[in-house]
Amino acid sequence: MKIKSIIGIALCIFVISLATSVWGVDRVVVNNDAGAIVLRITDTGDLLLKGDIHVGSTVVPDYVFEPDYKLISLSELESFIAKNGHLPNVPSNGEMKNKSLKVVDFQMKLLEKIEELTLYIIEQKKTIEMQQTAIDELAERVAEVSE
């Protein structure tokens, strides 16, 4: 069977669950054009995969790097976290427990946060460089006055 979609993966997981619980089988081999992919559900319920899962049609959050992207200030971010206990646009612990999770969507949210962190780091670097320039100028003035 060739896995072409998330539905195919979900079906494979269902078959593995069924095989594990009903027939006592501890692994299912799915053959594709590239060879065998081994999927297994452990007795603790973990899903193990030997192989790769490829997902298409995913919107990568490169919009974060667009000039018109509104990156909230670190002060606003700090306030949001203090009030809500999680990052903006990321599900809270309660939401994660009560709703199903689309793994790809969640990974893209995490990538969005990584890209935002990169922008914050760049901002901080610029601030540090300006402060270092000011320190160097003050040190030169102090040296001139001391002479």
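Me: Why is Lys125 called partly exposed?
Reply: Its relative accessible area is 48%. Buried means under 20%, exposed means over 50%, and partly exposed lies in between (1.4 Å probe, protein chains only). Lys125 therefore counts as partly exposed. Note that this is a predicted model, where local features need pLDDT of at least 70, side-chain atom pairs count only at pLDDT 80 or more, and totals for chains, interfaces and linings use all residues. Residues are numbered from 1 along each chain as its sequence is written, and side-chain values use heavy atoms, with hydrogens and water left out.

Me: How do you know that Lys125 forms a salt bridge with Glu129?
Reply: The closest N and O atoms of Lys125 and Glu129 are 2.5 Å apart. A salt bridge needs a side-chain nitrogen of Lys or Arg within 4 Å of a carboxyl oxygen of Asp or Glu. The pair of Lys125 and Glu129 therefore qualifies, at 2.5 Å. Glu129 is partly exposed, with a relative accessible area of 39%.

Me: What separates Lys125 and Glu129 in helix 4?
Reply: About one helical turn, because the two are four residues apart in helix 4. Helices here are DSSP runs (H or I, at least four residues), strands are runs of E (at least two), and both are numbered from the N terminus.

Me: How many helices and strands does the protein chain have?
Reply: Four helices and three strands. Their pattern along the sequence is α-β-β-β-α-α-α. Of the 147 residues, 18% are buried.

Me: Why does Glu112 count as buried?
Reply: Glu112 has 3% relative accessibility, so it falls under the cut-off for buried. Glu112 sits in helix 4. Beyond its neighbours within four places in sequence, Glu112 is in contact (heavy atoms within 4.5 Å) with Pro61, Tyr63, Val64, Tyr69 and Asn89.

Me: Which residue forms a salt bridge with Glu112, the closest N and O atoms being 3.5 Å apart?
Reply: Lys109 does. Lys109 and Glu112 are three residues apart in helix 4, so about one helical turn separates them. At 27% relative accessibility, Lys109 counts as partly exposed. Lys113 also meets Glu112 in a salt bridge, again at 3.5 Å, N to O. Lys113 and Glu112 are both buried.

Me: Which residues are linked in a network of salt bridges?
Reply: Lys109, Glu112, Lys113 and Glu116. The structure as a whole holds four salt bridges. Side chains of opposite charge can pair when their charged atoms come close.

Me: What makes the phi of Asn89 worth a check?
Reply: It is positive, about 65 degrees, although Asn89 is not a glycine. Most residues other than glycine have a negative phi. Asn89 lies in the loop between helix 2 (74–84) and helix 3.

Me: Why does Asn89 count as exposed?
Reply: Its relative accessibility is 53%, so Asn89 passes the cut-off for exposed.

Me: Which residues line the second largest pocket?
Reply: Asn89 is one of them, and others include Pro91, Met96, Leu101, Phe106 and Lys109. On a 1 Å grid over the protein atoms alone, a pocket is an open set of points where a 1.4 Å probe fits, with protein on both sides within 12 Å along at least five of seven lines; lining residues have an atom within 4 Å of a point.

Me: Which helix gives the most to the lining of the second largest pocket?
Reply: Helix 4 does, with three residues. Helix 3 (93–98) and helix 4 (103–146) each supply at least two residues of that lining. The space in this pocket is about 180 Å³.

Me: How many residues of that lining are nonpolar, polar and charged?
Reply: Four are nonpolar, two polar and five charged. Ala, Val, Leu, Ile, Met, Phe, Trp, Tyr, Cys and Pro count as nonpolar, Asp, Glu, Lys and Arg as charged, and the others, Gly among them, as polar.

Conventions
Grid points are joined across faces, edges and corners, and a volume is the space filled by probe spheres set on the points.
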